[in-house]
Amino acid sequence: MATKNDLRPVFERLKKIFTPYEAKMNVAQDTDKMYVLNTRYLLKKNYPLMFGGVRLGKNYVSFHLMSVYATPDEVKTMSRELKKRMQGKSCFNFKEVDEKLFRELAKLTKAGAKRFSNEKFVDGLRKAQARA
């Protein structure tokens, strides 16, 4: 069974996927077990729109990408291998570094960052949240 020390390279490598977007977003949390990146848009009750994050767990590392949740059609474009890593609607779990899948996540993250920087797209999310 993997330990947290064994998972540290996975955690660090997944964090790097978010690095290019830090200049235009806000790092909300950056600890040895948790990393959260928020957009600069505010939603209901002035909560920031979360873009994504990485969490170091006991048995795996979770990569959260909210654009996948907000744009469910993206799941249709994912490889079967990446879909197997999905847990819920926006979370992917890993126990080891997988460069092929991490490159695919980087592409999804880039596309998501483009969408999450589009004011019209974010307005649609705000309206959907207000209806909920």
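1. Arg8 and Glu12 lie four residues apart in helix H1 (residues 4–18), which means that about one helical turn separates them. In this predicted model, the side chains of Arg8 and Glu12 meet in a salt bridge, with an N to O distance of 3.4 Å. The distance falls under the rule that a side-chain nitrogen of Lys or Arg be within 4 Å of a carboxyl oxygen of Asp or Glu.

2. Both partners of this bridge may be described by their accessibility. Arg8 counts as partly exposed because its relative accessibility is 28%. Glu12 is likewise partly exposed, at 32% relative accessibility.

3. A further salt bridge joins Arg13 and Glu99, whose closest N and O atoms are 2.9 Å apart. Arg13 belongs to helix H1 and Glu99 to helix H5 (residues 99–116), so the pair ties together parts of the chain that are 86 residues apart in sequence.

4. Arg13, at 23% relative accessibility, counts as partly exposed.

5. Lys15 and Asp30 form another salt bridge through their side chains, at 2.9 Å from N to O. This pair links distant parts of the chain, with Lys15 in helix H1 and Asp30 in strand E1 (residues 26–30), 15 residues apart.

6. The reader may wish to examine the surroundings of each partner in this bridge. Lys15 has a relative accessible area of 15% and is therefore buried, the limit for that class being under 20%. Asp30, by contrast, is partly exposed, with a relative accessible area of 48%; a residue counts as exposed over 50%.

7. How many salt bridges does the rule give? The count comes to six. Among them are Arg8 with Glu12, Arg13 with Glu99 and Lys15 with Asp30.

8. A separate point concerns Ser67, which is placed in helix H2 (residues 66–70). Is Ser67 buried or exposed? Ser67 counts as buried because its relative accessibility is 0%.

9. Which residues does Ser67 touch, leaving aside those up to four places away in sequence? The contacts of Ser67 are Phe51, Glu74, Leu108, Gly112 and Phe116. Helix H5 spans residues 99–116, and Leu108, Gly112 and Phe116 are among the residues that Ser67 touches.

Key: Residues are numbered from 1 along each chain as its sequence is written. This is a predicted model: local features need pLDDT of at least 70, side-chain atom pairs count only at pLDDT 80 or more; totals for chains, interfaces and linings use all residues. Side-chain values use heavy atoms; hydrogens and water are left out. Helices (H or I, at least four residues) and strands (E, at least two) are DSSP runs, numbered from the N terminus. Buried means under 20% relative accessible area, exposed over 50%, partly exposed in between (1.4 Å probe, protein chains only). Contact means heavy atoms within 4.5 Å.
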